[in-house]
Amino acid sequence: MPCIVTVSAPSRLHFGLWSLGGAGRQYGGVGAMVERPGLQLSIRPAETFLAAGPLWARVHPFATRWAEFHRMDVPACRVEIESAPAEHAGLGTGTQLGLAIAAGLSALVGLPSQSAQELALSVGRGLRSAVGSYGFVQGGLIVEQGKLPGEPISPLDCRLDLPAPWRFVLVRPLVLAGLAGDEEASAIDSLPAIPGDATLRMIDLVRDHLVPAAATGQFDPFAESLRRYGELSGQCFAARQGGTYNGPILTRWVRRIQELGAVGVGQSSWGPTLFVVQPNEAAAQALAQKLQAEPTSNSEELEIVVTPPANRGATITVQEER
C-alpha cells in the first residue's frame, strides 16, 4: 500500500568555527540543536516528481543528488514543505532541508536508516561544518573535530543533552541576511588563517569549561563559556565581519542584550540570528518581552523566538496511505 512519509527536523545554532587555513584539521567547532523554528515536510507517491511549499525550488536538486548517490531514479512523489526556517539566517536551514529530503526519500523507497555521514554525503552537505549533520540525526550539543584532507565530513568529537529547562532566545533583525553558497565560500577563502594558539584556546575552552558545564547542568559557567567562545571565534572572522559580530546592527543588539543582564549571547554562524541562553522558560520570556519593548526603526525590526534545546534529532514517520 502507498505510504506517506513525514519528517520533522530541528534547527541548528553554530557557536563558531575554531580552525581555518592553518595546519591540521580545518573548520571544527561546536553548536546545538533547537526545537524552533523547525522544518516539517511530507512525501507521498505521485505520478511525477513535484515540490511545493517554502523553499520548493531547492527540493529537486537535493533529490537528484540523493538519487545519483544511490544509483536510482528520482522517485515519483510529491514533496510538501509545510514549514521551514528562514534561509541564510544562521539556522542551518539548507542542511536540515537536504538531510530531511534524503531521510524522507530513503524511507519512501524502503532503504535502511543511514548515518549522519551517509545522509550528508548523499545530498552534498557537511563540506565544512558537520554540526548540523550530526544534529539532524542526534540532536543535542554537538562538538566536531574538523576535517583532515580526504575526510568526507568532520568526525564527531562528542555529543550530549542540554538540560531540558534551559531555553534559547533567538533574535533576528529581519533586514539582514547571512552568507551562504558561493558568497560564503569566497568570504572564507579571503580570510586570514586562524592562528594555532587561538584554535587551542577555543578547543580548551570547549573541552574544559563549556562541555563540563553542560554535562553537569551548571548554567552560569555554561553561559560565560558560551560568550567567551563566541567572542574568540568571532574575532577570527573580523576581517570579513568588520568586528566580532557581523556588522554594526548585530553588534549593537549584542551590547543591548548584555546591558539587559544576559551573559550567554552569541552569533550563530554568519548571523543574522543571535542566540541568548537562559536558565528557564520564565527568564527567557522575560528577556523576550524586554527586547520586544525596545524601540526599533523599520530597518531593525526583530523576529524573536523562545525555544527549548532539541535533545533528539529529526523524526521520520511512515504511514500507510488509505
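The largest nonpolar core of this predicted model has 43 residues, a nonpolar core being a set of buried Ala, Val, Leu, Ile, Met, Phe, Trp, Tyr and Cys residues joined through side-chain atoms within 4.5 Å. Buried denotes a relative accessible area under 20%, exposed one over 50%, and partly exposed the range in between (1.4 Å probe, protein chains only). Phe 15, Leu 141 and Phe 222 have the most contacts inside this core. At least two core residues each come from strand E1 (3–19), E2, strand E5 (141–144), strand E7 (167–173), helix H5 (181–190), helix H6 (196–216), helix H7 (219–235) and E9. The largest contribution, nine residues, is that of H6. Helices (H or I, at least four residues) and strands (E, at least two) are DSSP runs, numbered from the N terminus. A second, separate core comprises 30 residues, including Cys 3, Phe 62, Ala 63 and Ile 81. In soluble globular proteins, nonpolar side chains tend to be buried together.

Residues are numbered from 1 along each chain as its sequence is written. Because the model is predicted, local features need pLDDT of at least 70 and side-chain atom pairs count only at pLDDT 80 or more, while totals for chains, interfaces and linings use all residues; side-chain values use heavy atoms, with hydrogens and water left out.

Phe 15 touches, among others, Val 30, Leu 141, Leu 226, Tyr 229 and Phe 275, not counting residues up to four places away in sequence; contact here means heavy atoms within 4.5 Å. By the ring criterion, five aromatic pairs are counted. Rings of Phe, Tyr and Trp (its six-membered ring) pair if their centres lie within 6.5 Å, and planes under 30 degrees apart count as stacked, over 60 as edge-to-face and the rest as tilted. Phe 15 and Phe 275 form a tilted pair, at 5.0 Å centre to centre with 45° between the planes. This pair links strand E1 to strand E9, across 260 residues. Phe 15 and Phe 275 are buried, and together with Phe 168 they form one aromatic cluster. The ring centres of Trp 166 and Phe 219 are 5.5 Å apart and the planes stand at 80°, so this pair is edge-to-face. Trp 166 lies in the loop between strand E6 (156–160) and E7, and Phe 219 in helix H7, 53 residues apart. Both are buried.

His 14, also in strand E1, is buried at 4% relative accessibility. Its side chain makes a polar contact of 3.1 Å with the side chain of Ser 129. A polar contact is a pair of N or O atoms within 3.5 Å; within protein, one must be able to donate a hydrogen and the other to accept it, and residues adjacent in sequence count only if both atoms are side-chain atoms. His 14 also touches residues including Glu 144, Gln 267, Ser 269 and Phe 275.

Most residues other than glycine have a negative phi, and most peptide bonds are trans. Ser 269 has a positive phi of about 55°; this residue lies in the loop between E8 and E9 and is partly exposed, at 29%. Leu 55 has a positive phi of about 65° and counts as buried at 17% relative accessibility. The peptide bond from Arg 36 to Pro 37 is cis, with omega near -5°, and Pro 37 lies in strand E2 (residues 27–45). The bond from Gly 271 to Pro 272 is also cis, with omega near 5°.
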